Amino acid sequence: MGSRDGKRVEAAGLVLVRQRPGSGEGVCFITLEDETGIANLVVWPDIFEKYRSVILSASMLAAKGRIQREGDVVHLVTLELTDLSPLLRQVGERGGASDQAARSLDQLNFRSRNFH
């Protein structure tokens with residue numbers, strides 16, 4: 001994120017990590033990733049409670065907030081979150097060669113191998 005400190009921005013990506021450390025005083029840290037890199041979100045307790053179900057269940061999120069920059073460390077202090085998981089699920093439903101390959105694999109019978 002090359003934006004200046006305090007600037008309002010939006011970011012979206014796959015949820016890589018959710019952390020709510022005991023020493024964090026209720027702050028939740030979320031790491032998102034997209035094709036350009038990662039975004040580190042800071043979610044204060046009041047925002048966490050407002051978006052609890054979204055935070056705990058989403059596999060893809062959009063976040064609105066403001067940049068917090070301290071030296072080389074950049075965070076997005078989150079003000080609003082949106083669950084984009086339904087869009088992620090649609091990726092596998094799109095037509096094309098990959099769909100045809102997936103259907104072909106579904107028709108194959110594989111014997112199970114159990115290792116004890």
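Predicted model: local features only at pLDDT ≥ 70, side-chain atom pairs only at ≥ 80, totals over all residues.

Visitor: What makes E1 and E4 a pair of strands?

Guide: Two strands pair if there are at least two bridges between them. Strand E1 (residues 8–19) and strand E4 (residues 60–70) have seven bridges, in the antiparallel sense, so they meet the rule for pairing.

Visitor: How do you know that E1 also pairs with E2?

Guide: Five bridges join E1 to strand E2 (residues 28–34), and the two run antiparallel. At least two are needed, therefore E1 and E2 count as paired. You can look for Arg18 opposite Ile30, and for Gln19 opposite Phe29.

Visitor: Which residue of E3 stands opposite Ile30?

Guide: That is Leu41. E2 and strand E3 (residues 37–43) pair in the antiparallel sense over seven bridges, and they form a hairpin with two residues between them.

Visitor: Why is Thr78 called buried?

Guide: Buried means under 20% relative accessible area. Thr78 has 0%, so it is buried. Thr78 is found in strand E5 (residues 73–83). Leaving out residues up to four places away in sequence, Thr78 touches Leu41, Val42, Val43, Ile47, Ala63, Lys64 and Gly65.

Visitor: And Ser85, why is that one called buried?

Guide: Its relative accessibility is 3%, and the limit is under 20%, so Ser85 is buried as well. Ser85 lies in helix H3. Apart from neighbours within four places in sequence, Ser85 is in contact with Ala58, Ser59 and Met60.

Visitor: What makes the meeting of Ser85 and Asp83 a polar contact?

Guide: The distance between their side chains is 2.6 Å. A polar contact needs a pair of N or O atoms within 3.5 Å, one able to donate a hydrogen and the other to accept it. The pair of Ser85 and Asp83 is therefore counted as a polar contact.

Visitor: Why is Val91 called partly exposed?

Guide: Partly exposed lies between buried, under 20%, and exposed, over 50%. Val91 has a relative accessible area of 47%, so it falls in between. Val91 is found in helix H3 (residues 85–91).

Visitor: How do you know that Val91 can belong to a nonpolar surface patch?

Guide: Patch residues need over 30% relative accessible area. Val91, at 47%, passes that cut-off. Together with Leu14 and Leu88, Val91 makes a nonpolar surface patch of about 220 Å².

How values were computed
Residues numbered from 1 in each chain as written. Heavy atoms only, no water. Patch = residues over 30% accessible without salt bridge, like charges linked within 9 Å, V, L, I, M, F, W, Y side chains within 5 Å. Areas by Shrake-Rupley, 256 points an atom, 1.4 Å probe, with all protein chains shown as cover. Salt bridge = Lys/Arg side-chain N within 4 Å of Asp/Glu carboxyl O. Helix = DSSP H or I, 4+ residues; strand = E, 2+ residues; numbered from the N terminus. Buried < 20%, exposed > 50% of the residue type's maximum accessible area, 1.4 Å probe, protein only. Contact = heavy atoms within 4.5 Å.
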